[in-house]
Amino acid sequence: MMQKKNVIVLGAGIVGISAALHLQKRGVSTVLVDRQGPGEGTSYGNAGIIEGNTLFPYPFPRSIRALTRVALKLATEANYHAGFLPRIARWLWNVRQATTPEQLEATARVMRPLFERALSEHEELVEAAGAQRYLRHTGWLRVYRSENALEKLAAELKLADEYGIPYQKLSVEESLALEPSLSPVFKHGVLWPKAASYSNPLGVSRAFNAHYLSLGGENAKGDAKTLARANGGWKVTTEQGEVHAEEAVVALGPWSPDILEPLGIDLPLAVKRGYHWHFSAKGNASLSRPVLDAELGFILGPMEQGIRLTTGAEFAHRDAKPTPVQIDRLMPYAKNLFPLGEPLEPKPWLGARPCFWDSRPVIGRAPGQKGLWLDYGHGHSGLTLGPVTGRLLAEMMTGSTTFTDPAPFSAERFSKN
Ligand SMILES: Cc1cc2nc3c(=O)[nH]c(=O)nc-3n(C[C@H](O)[C@H](O)[C@H](O)COP(=O)(O)OP(=O)(O)OC[C@H]3O[C@@H](n4cnc5c(N)ncnc54)[C@H](O)[C@@H]3O)c2cc1C
């Protein structure tokens with residue numbers, strides 16, 4: 001059976017679901033294609049934080065001490081597969097250039113229109129999808145173990161002041177008043193009260209997808225690699241039959257290059273792999289919000305499944321075997337911050353953050369391929385930015401006035417480098 005739609009959206013992560021939902025809402029008939037269930041890729045395993053307050057992207061380590069710790073595989077916040085480094089050396093060099101103090105601020109300003117609307121876009125979809133039970137408006141807490149940590153934050157906090165983003169510097173006692181189960185192993189806390197979080201990111205993707213279906217959208221199971229030209233548009237083969245459409249959107253997160261490279265579109269995407277593992281809490285211990293151990297680079301997030309410990313970045317081939325050594329390095333610190341009990345699964349979950357070196361996603365037309373659109377590369381903030389970038393893409397595709405200038409997110413920005 002052959003179906004005809006206006007748009008095929010490839011990839012049913014939070015990014016693709018949000019794009020399909022925004023298109024469908026605008027009367028564009030859409031089919032959302034994935035090889036697994038909605039939200040079961042990277043979007044399944046994140047820390048659940050909607051970071052409207054995010055300003056500076058993750059920097060390349062600059063101090064000799066930090067670099068040495070990473071190189072010697074002592075760092076909790078990063079790990080790497082030595083054999084893979086030559087393949088991403090140029091990308092890492094570009095990250096280094098893009099995260100000088102001046103560039104951190106420049107990126108924060110370029111990304112601000114997206115982050116500024118991120119939470120309200122989630123709230124709108126949560127309301128429409130009836131997913132209120134997952135959303136917590138309790139902010140997120142970052143704790144710092146060293147005395148001089150706040151000095152290093154000065155530039156970011158100054159920018160937060162300029163944008164009117166609220167934060168509260170907390171003493172250890174004030175932090176413990178918010179989260180009584182934490183141990184006082186840190187020196188400072190900073191609460192970002194306008195951030196929000198989800199207790200079950202998979203539940204949220206499923207709820208948004210159900211809302212999309214209620215608007216007349218369709219899901220189909222299939223391999224995005226079957227995307228091909230047909231009658232001036234695109235077609236894809238699915239278990240539900242062949243689907244034809246005038247336009248297609250690639251929202252395959254870390255797998256996007258699998259489809260784009262054969263079409264001659266080679267953008268500088270790398271992955272930062274990350275792990276999570278759920279633990280029970282000892283006794284009556286609990287958390288009301290995600291807690292980031294900022295210098296050690298891990299998050300403890302309260303989820304329906306348990307306390308979710310998420311790690312920082314691992315530089316390795318996307319499909320290489322899991323090597324969760326960061327979890328081993330972190331465990332003593334995580335346990336001295338919060339009374340973690342037993343792991344609730346036999347082994348950690350592994351995901352891959354799809355990252356461009358300039359810490360911006362690509363949203364817009366695919367260069368040289370008529371009727372093909374791109375919506376990927378959301379890096380550390382794809383849960384946060386899925387809905388707002390879905391809106392931006394849908395506005396572009398339907399020729400509406402966009403809420404912000406999409407130029408900084410175009411694929412063409414890389415042709416200048
Ligand atoms: C440990 C960790 C913690 C994180 N914490 C946060 C956080 O707190 N807040 C935040 O904002 N972000 C966070 N992120 C980042 C966020 O999870 C990602 O940026 C986001 O999930 C990317 O969504 P996506 O829809 O682009 O990709 P995905 O969710 O991976 O979706 C891509 C989809 O494409 C499908 N697919 C791939 N190949 C094919 C194919 N050939 N055929 C058909 N389908 C295919 C996959 O099945 C998948 O469903 C975190 C990430 C990690 C790893």
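Strand 14 (269–281) and strand 20 (349–356) pair in the antiparallel sense over eight bridges. Two strands count as paired if DSSP finds at least two bridges between them. Strands themselves are DSSP runs (E, at least two residues), and helices are DSSP runs of H or I with at least four residues, both numbered from the N terminus. Before going further, note that this is a predicted model: local features need pLDDT of at least 70, side-chain atom pairs count only at pLDDT 80 or more, and totals for chains, interfaces and linings use all residues. Residues are numbered from 1 along each chain as its sequence is written.

**Strand 14 and its partners**

Strand 14 also runs antiparallel to strand 17 (306–310) and to strand 19 (340–343). Here is one facing residue pair for each partner:

| Partner of strand 14 | Bridges | Residues facing each other |
|---|---|---|
| Strand 20 | eight | Tyr275 and Leu350 |
| Strand 17 | four | Trp277 and Leu309 |
| Strand 19 | two | Phe279 and Pro343 |

How many of the 13 residues of strand 14 are buried? The count is 10, so strand 14 is largely enclosed by the rest of the structure. Buried means that 20 or more other C-beta atoms lie within 10 Å of a residue's own; with 12 or fewer it is exposed, and in between it is partly exposed, with C-beta atoms placed from the backbone.

**Around the ligand**

The shell has 42 residues, and Gly13, Gly41, Gly253, Gly274 and Gly382 come nearest. By class, the shell has 13 nonpolar, 21 polar and eight charged residues. In this scheme Ala, Val, Leu, Ile, Met, Phe, Trp, Tyr, Cys and Pro are nonpolar, Asp, Glu, Lys and Arg are charged, and the others, Gly among them, are polar.

Where does the shell lie relative to domain 1 and domain 2? Both domains give residues to the shell, so it lies between them.

**Two domains**

Domain 1 covers 2–43 + 202–265 + 357–416, while domain 2 covers 55–102 + 133–198 + 268–356. These bounds come from an automatic or database domain assignment. Their C-alpha centres lie 28 Å apart. In all, 18 residues of domain 1 are in contact with 18 residues of domain 2, where contact means C-beta atoms, placed from the backbone, within 7 Å. On the domain 1 side, helix 8 (201–214) and helix 9 (256–260) each supply at least two of the touching residues. That side divides into seven nonpolar, nine polar and two charged residues.

**A closer look at helix 8**

The 14 residues of helix 8 should span 20 Å at 1.5 Å a residue, and its end C-alpha atoms are 20 Å apart, which agrees. The expected span is 1.5 Å times one less than the number of residues. Among the buried residues of helix 8 are Leu202, Val204, Phe208 and Tyr212. Their cover includes helix 1 (14–25), strand 2 (30–34), helix 4 (101–129) and helix 11 (382–397). Helix 8 is followed by Gly216, which has a positive phi, near 100°.

Finally, an open sheet of three strands has the order 3-9-5, with antiparallel pairing. Strand 3 (49–50) and strand 5 (135–136) are its edge strands, each pairing on one side only. Two bridges join strand 3 to strand 9, and Ile49 has Ser197 of strand 9 as its bridge partner.

Notes:
Two residues are in contact if their C-beta atoms, placed from the backbone, lie within 7 Å. A residue is near a molecule or strand if its C-beta atom, placed from the backbone, lies within 6 Å of it.
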